[in-house]
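Here are my notes on the two-chain model you sent. Please read them with the structure open.

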Amino acid sequence: MGDRKGNFMCTTECSGNIVVTDPAEQKTGGFTFKAVVKVWL
Amino acid sequence: MGNHFELTAVSDNEEWANERIEAGITEIQRIEKLLTTFSDESETNQVNEHAGIAPVAVSEETFNLVERSIRISALTQGAFDITYGSIDKRLWNFDKDMTSLPDKATAKKMVRLINYRNIVLDKEKSTIYLKEKGMRIGFGGIGKGYAAERARQVMKDLGVKSGVVNASGDLCAWGYQPGGNPWTVGIVNPNATKEIFSWMSITDIAVATSGNYEKYVMIDGKKYSHTIDPRSGLPVTGIKSVTIITTNAEIADAMATPVMIMGIYTGLDLINQMKDIEAIIIDDDDKMYTSKNINIK
């Protein structure tokens, strides 16, 4: 494996912007489905 | 470390949605293999290992990404530079106490190998050559946005009309929530990373934030961020966070850090000259600055 070279300019872990979905979404017949993956970019 | 990507799809069919989310994940992992500096096999590291020795043939995708990165470097006058991987980090340790800054000449020496003009591209042969031995490229400033944008495209191509790809806070959203409302994006408070300072309703938009929330040092009462100006070798000061709002996640990701490096007035001046891109900047005194088309209510 390589190491974490060149991390200085990245925004990794600097941001925490989030998306909030409406709590009433279930009433409308559609749903949001989610999955999370961790990668080394 | 690493980055968490959260993929969201709107559907009334769970299996259908999960298949498409899986396709988005596969795309992100494919890009990781191509670009990561954590694997010796990635094209990025192949190019780096041959710096000063020989050009390396790469995929059209990597070649094009490097070409676009160089364009952003030129646009930002070197504030964005994928050769920042060449930085000599011995001077900096933001996890420990630093009591003084290096002198300008020493700092400059530490970034002597950072220069996007020393990336030689041969489009016909699809090769990349780094002129100087020890030079390194890395996609830390653009790779997350690129991967998010690609995942969005893959999911859209598979019929997902509404969704979100959130790459550790750098996110893109398309379509609408199930109830028909635009997506609600919370921008993190630079003073308290667990809090949100502003909300936006968006659709078909990408948002990226660069900030010095946690990794910084205080020297003589002044806060220095862990973001190093690749041109001077010195840390950025005066800005807490930069949020970029535009249509493309790659551009949003790529522009956040250079605007921080360029500073409030030069950074906003650049953004104001570009089409379909906006910025919100918060300085060290919590004063907010925005590009001309942003109205904060």
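1. Chain A has 41 residues, and 37% of them count as buried. Buried means that 20 or more other C-beta atoms lie within 10 Å of the residue's own; exposed means 12 or fewer, and partly exposed is in between, with C-beta atoms placed from the backbone. Chain A has zero helices and two strands. Helices (H or I, at least four residues) and strands (E, at least two) are DSSP runs, numbered from the N terminus.

2. A word on the source. This is a predicted model: local features need pLDDT of at least 70, side-chain atom pairs count only at pLDDT 80 or more, and totals for chains, interfaces and linings use all residues. Residues are numbered from 1 along each chain as its sequence is written, while chains are lettered from A and ligands numbered from 1 in the order in which they are written.

3. How many residues of chain B are in contact with chain A? There are 70, and they meet 37 residues of chain A. Contact means C-beta atoms, placed from the backbone, within 7 Å. On the chain B side, 30 of these residues are nonpolar, 31 polar and nine charged.

4. Strand β1 (residues 18-20) of chain A pairs with β7 (residues 183-189) of chain B, antiparallel, over three bridges. Strands pair if DSSP finds at least two bridges between them. A:V19 has B:V185 as its bridge partner in β7(B). Both residues also touch B:L171.

5. Now the open sheet. Its eight strands run in the order β2(A)-β1(B)-β5(B)-β6(B)-β9(B)-β13(B)-β14(B)-β15(B), with antiparallel pairing. β2 (31-39) of chain A and β15 (288-290) of chain B are at the edges; each has a single partner strand, so one side of each lacks a neighbour in the sheet.

6. Inside the sheet, three bridges join β6 (residues 170-174) to β9 (residues 205-211), both of chain B. B:A173 stands opposite B:I205 there. Helix α7 (residues 264-273) of chain B packs on the sheet, touching β13 (239-246), β14 (277-283) and β15 of chain B.

7. Finally, the largest nonpolar core has 83 residues. Such a core is a set of buried Ala, Val, Leu, Ile, Met, Phe, Trp, Tyr and Cys residues joined through C-beta atoms within 7 Å. Among those with the most contacts inside it are B:A148, B:V165 and B:L171. Helix α6 (residues 249-262) of chain B gives the most to this core, with 10 residues.

Definitions and conventions. Two residues are in contact if their C-beta atoms, placed from the backbone, lie within 7 Å. Axes are lines fitted to C-alpha atoms, for helices over the stretch in contact, and angles run from 0 to 180 degrees between N-to-C directions. Ala, Val, Leu, Ile, Met, Phe, Trp, Tyr, Cys and Pro count as nonpolar, Asp, Glu, Lys and Arg as charged, and the others, Gly among them, as polar. Lists of a residue's contacts leave out its neighbours within four places in sequence.
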